Amino acid sequence: MAMSLAALVGVPSLRLRKAGLAETTWNEDIRWVAVTEQEDPQRFLNGGELILTTGLRLNGAAEQRRFVRQVQRAGAVGIGFGTGLTHEAVPPALIAEANRWGLPLVEVPYETPFIAIGKLVADSQSADHYSKLERLIAGHQILARALLTGGGLGELLKQLGSMLRTDIALTQFSAQLYNSVAGNPAPTADDWASFPIPTGRRDACTLWIKQPFGDTGIVSYAQNLISVELNNMVKQRQSQRALAGQVLDDVIHGTLDTVEGARRLAGVGINSTRKNVVLLVVSAAHHKQLGSTSLPQSLDGGVTAVVGKDLVTVVPDDGSSASALAKDLSDHLLEAGIHAVIGIGGAYTKPNGVRWSYFEARDAVAHGLPVNEPERLSLTSLLLASEDVPLADMASEALTPLRKFDATHGSELVSTLESYLNHNGSVAAVAEALTLHRNTVRYRLAQITDLTGYDPAQTPDRVQLWLALAVQRLGARNPR
């Protein structure tokens, strides 16, 4: 242990004696022992020293008082005055001035060499440093073991809090990765010290330690370990999302039967026997970051995957919490610098339910808001969900002749068809909406029939044409 002036006086072999009344720094650790015969040693001191002197140049009361003031201003913990050489006793002026300024003063007898005092203080400091080093190495081993034995980040931070005897929190953007305080209150700069965690990524990760605490160097080591573990977590996250993405891709495209789909979903952590909601995240500008970004704590119960360039999170929910979860996700991504659009799907059971929820979420994304609520899944979307129904080819076959004719002749057959279908087959309504003569509308409808082979006036053909337009519109908004 580091030695104080009180402890030093308590060493019998030194035969030191308290000479003054002051005890202001009596129990403070002595940082070093400085021997001086300078009248003004102030510029040679850094603070925390025990000043030893025989008062060789302190012959008068004025010099003695000045010496005390200079030593006190330099931040010394006390003065050891050697007697029996220059002075037979500690000068009264020196004692009075030391008492006045609250600076402890001890008498060092002639028989006690200054070097003995210096050696004892140096030995105590060395022992203290060695003890701290041993504790630091032991702390390193405890934290490293927490990771290597599978305890993970949570166990590491728990051990760190135990060592520092305080609360610990770890945040990443708006998410709390760990918090030892019940209720997970957000740490504030008023009561917590913050330490950045370098990971080489724009992930704004911060270690928070509640004050007061004593840092012996273990925090710096913990920062490095946390950084390594976070990078490992990013790699694991990318791998897990890629694996889950393969399963979801098969489920979404209908290539698995119900039994196999349920089995494979369970393999990545999705229980399809209960209701699940799909949250679809689309970001044209930052899609590369979606595979590795962290998610808010509220989504810990979900399974996240990368499907194509999009992020898909399947959350066990009956639909009542979906909007709040999507809002949390949107806020978290925005704070991470990721500008994205989120679509919410409906709540369904079974593999086909996950598939339907995905297509609802994909439809919702087309609205373009930061968070988009689900709508009832359309027949068109359901048909598009199946790889076995060649709707895209059918739509192209029906509409390409019209689009080519419009492009070549500057006509408006496609827009006329859309208006005709939207007005439930009313020629008069189309004529009014497009400011055309009714005969012109009829002529264009005849051209549509000739070019496509479908007569918009006939219900079966009208359905085909309506479906073709819906497929191409949906396909343009949500390309596979």
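User: Which residues have the most contacts inside the largest nonpolar core?
Analyst: This is a predicted model. In it, the largest nonpolar core has 23 residues, and those with the most contacts inside it are Leu156, Leu157, Leu160, Ile168, Leu170, Leu207 and Ile226.

User: Which helices and strands each supply at least two residues of this core?
Analyst: The helices are α4 (114-148), α5 (152-164) and α6 (218-252), and the strands are β6 (168-172), β8 (192-196) and β9 (205-210). Helix α6 gives the largest share, six residues.

User: What does Leu157 touch, not counting residues up to four places away in sequence?
Analyst: Leu157 touches Ile168, Leu170, Tyr178, Leu207 and Ile226.

User: And which residues are in the other core?
Analyst: That core lies apart from the largest one and has 21 residues, among them Leu421, Val430, Ala431 and Leu469.

User: Why would such side chains sit together?
Analyst: In soluble globular proteins, nonpolar side chains tend to be buried together.

User: Zooming out, how many helices and strands are there in the protein?
Analyst: The protein has 16 helices and 14 strands. Its radius of gyration is 40 Å, well over the 23 Å that the globule rule gives for 480 residues, so the protein is more spread out than a compact globule.

User: What box do the C-alpha atoms fill?
Analyst: Roughly 130 × 50 × 35 Å, taken along the principal axes.

User: What percentage of the residues is buried?
Analyst: Buried residues are 47% of the 480. The protein exposes about 24,100 Å², and carbon and sulfur atoms supply 52% of that area.

User: Changing topic. Where is the cis peptide bond around Pro212?
Analyst: The bond runs from Gln211 to Pro212, with omega near 0°. Pro212 is in the loop between β9 and α6.

User: What about the phi of Lys350?
Analyst: Lys350 has a positive phi of about 70°, although it is not a glycine. This lysine lies in helix α10 (residues 350-365).

User: Is Lys350 buried or exposed?
Analyst: Exposed: its relative accessible area is 52%, and the cut-off for exposed is over 50%.

User: And what is the phi of Asn424?
Analyst: Asn424 has a positive phi of about 55° and is not a glycine. Asn424 is found in the loop between α13 (413-422) and α14 (427-434), and it is exposed, with a relative accessible area of 66%.

User: Last one: where is Thr459?
Analyst: Thr459 is in helix α16 (residues 459-477). This threonine is exposed, at 57% relative accessible area. Thr459 and Leu445 are 14 residues apart in sequence and 14 Å apart in space, C-alpha to C-alpha.

Conventions
Residues numbered from 1 in each chain as written. Predicted model: local features only at pLDDT ≥ 70, side-chain atom pairs only at ≥ 80, totals over all residues. Heavy atoms only, no water. Helix = DSSP H or I, 4+ residues; strand = E, 2+ residues; numbered from the N terminus. Rg over C-alpha atoms; globule rule 2.2 N^0.38 Å. Buried < 20%, exposed > 50% of the residue type's maximum accessible area, 1.4 Å probe, protein only. Areas by Shrake-Rupley, 256 points an atom, 1.4 Å probe, with all protein chains shown as cover. Core = buried A, V, L, I, M, F, W, Y, C linked by side-chain atoms within 4.5 Å. Contact = heavy atoms within 4.5 Å.
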